[in-house]
Amino acid sequence: MCGIVGYIGQREAAPILMDGLDKLSYRGYDSAGIAVIDGTNKINVRKAKGKLENLVNLLETSPITGCVGIGHTRWATHGEPSDINAHPHTDVKGGIAVVHNGIIENHESLRNFLTAEGAVFISQTDTEVIAHLLNHLYKGNMKQALLRAISMLEGSYALGVVCDEEPGVLYCARNDSPLVIGEKDGECFAASDIPALLSHTRDVIFLKDKEIARLDKSGISVYDAYGTPCQHPLFHVDWDISSAEKGGYAHYMLKEIHEQPEALQKTYAPRRSQNPGDYAWLPISPEDARNLRKISIVACGTAYHAGIVGKYAIERLARLPVEAEIASEYRYRDPIIGENELFIAVSQSGETADTLAALREAKRRGARVMAVCNVVGSTIAREVGDANTLYTYAGPEIAVASTKAYMTQAEVMLLLAIALGDMRGTLPRERVDALLEELVTLPKKAEEVLKTEEHLQRFASTASQKKHVFFVGRGLDYALSMEAALKLKEVSYIFSEAYAAGELKHGPIALLQPGRLVVATITQPSLLDKTLSNLREVTARGARVVAICRESLQDKVRDSVEEIIAIPDADDLFAPLLAVIPLQLFAYCMAVARGCDVDKPRNLAKSVTVE
Ligand code: G6P
């Protein structure tokens, strides 16, 4: 979703801003623009619809110079993608320029008010009201104008602001939309996400809600909503820029699929203990675990699918009712949550607007809250607190379609299920030990599964023109199928649907006809016979069935399917984690075979920071 960058220093701003926008482009966008203050204190703006290359070309024919500026990649919310709707937006005189992530909910009333005051709007965006509002409030001090403006804005925003009357200053503000700032050697930087800053500085400050920041050559000053100075500790980013680069792979998605064995290992390592029953990593005491009555796991997209894995696993091992729910539904359905219940938000980015709102709703209702999160210092992690955040150590995930984050989220869910089962006494010690032992071998097995890539490439070359694909499975395999269907539709634009195999007869079977493709996941021996009879119903209608199947089950499956992609044997609980790899590779290979923009699928954003 939209990206923001800002710069003030001694160097030319435009190339630095463009480099930052390039680093943020993975988030998804439909237009881009920059504004730079030149030597005569004039703000020059360049914007272009479409890919960043269009803006690069525009800057070649029409360059802008100066050492202070802001930049933006836009993902349309109010108004179609166009040159005019692209940010930065300015006031009528062009003396104030603004970039904005988020949504201003009261933009209509502000627009009416400002129009009556003489403002002339040229775009359809909610952002433009901020530029006119700042102009209206500006009485020679942008800090004061910005503080007054944020007291009038309702909704979410991360803002970058420059003003021709204060040409050496960059202002920022945030509410419910991430913004990081950093300084080094007389230069200051701002961005909506860390990768845009990493080549300049590793020590950053996360602005908090309703705070503003003033960045100039002497450094950074942060103020709360009343204008009182605040001090923030510097956060040191310890991951490398190279881990956010492609490293020889054709796409980030492929690189991240291949990073899964390492991600699995890194996520388990800090939780591995030599002492049985030691769950120091889990902020739940054995007594609390025994008293728990229900868990709600709430998330969006892929993270929600990891939540469903959690539901199956925790209910099975810890005998505790678990609801897995989509955050956008949870937040508005007047959820019942109370004493002895636990709410877990799952989010790769830690910034997803609906997940954050659902978390706040659960907190407001007095629930105990935790998070499973990949980005240290993200809003969700900070609101829950580090002690209550189970971090996944997948490393930076750049491809819009999530792969390694899902893998580690599902791993944490399984670990949680084992720990709760142990603490609640619903899982015998020998089984706990065996499971934890096996978890150590999972990365090696995941390496093995990556070898299915060639097979899937061949398969995709024969199947890439399919218009529909069904994914079926039972139990944990159904949870997996949901993720597989999402992955395929995200990156290849093929209509794909997941069904519990037992549900096929209740409707979807009407769509089966010769040539239809059905991908079955078969990792659960106890459900094998049931699944096979469902698959026979599918093949009887002429559909083509390919199975992702555990090695040890292959012989029983062979006669019921056209093709098998085998994965190494593993415990029933872990085999689905291995099976997801060929499903991810399948989506990837199909997308490549169809010539899709794998890392930046149309209309999608990596981090959805608006509702
Ligand atoms: C977007 C992304 C998905 C992601 C979802 C939730 O839709 O495109 O890949 O699963 O948001 O994101 P989160 O950061 O909360 O896990």
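How far does a polar side-chain atom of Ser347 lie from an oxygen atom of the ligand? I looked this up and got 2.6 Å.

Before going on, I noted that this is a predicted model, in which local features need pLDDT of at least 70, side-chain atom pairs count only at pLDDT 80 or more, and totals for chains, interfaces and linings use all residues. Residues are numbered from 1 along each chain as its sequence is written, and side-chain values use heavy atoms, with hydrogens and water left out.

**Ligand.** I listed 13 residues around the ligand (a heavy atom within 4 Å). Ser347, Gln348, Ser349, Thr352 and Ala605 come nearest. For Thr352, I found an N or O atom of the side chain 2.4 Å from a ligand oxygen. For Thr302, a polar backbone atom is 3.0 Å from an oxygen of the ligand. I then checked cover: the protein takes up 90% of the 390 Å² of accessible area that the ligand has on its own (Shrake-Rupley method, 1.4 Å probe).

**Sheet.** I traced an open sheet of eight strands (DSSP E runs of at least two residues) in the order S3-S2-S4-S1-S10-S9-S11-S15, paired antiparallel (at least two DSSP bridges per pair). S3 (43–49) and S15 (235–236) are the edge strands; each has a single partner, so one side of each lacks a neighbour in the sheet. I followed S2 (residues 31–37) along S3 and found seven antiparallel bridges. One of the residues I checked, Gly33, has Lys47 in S3 as its bridge partner.

Note on methods. Helices (H or I, at least four residues) and strands (E, at least two) are DSSP runs, numbered from the N terminus. A polar contact is a pair of N or O atoms within 3.5 Å; within protein, one must be able to donate a hydrogen and the other to accept it, and residues adjacent in sequence count only if both atoms are side-chain atoms.
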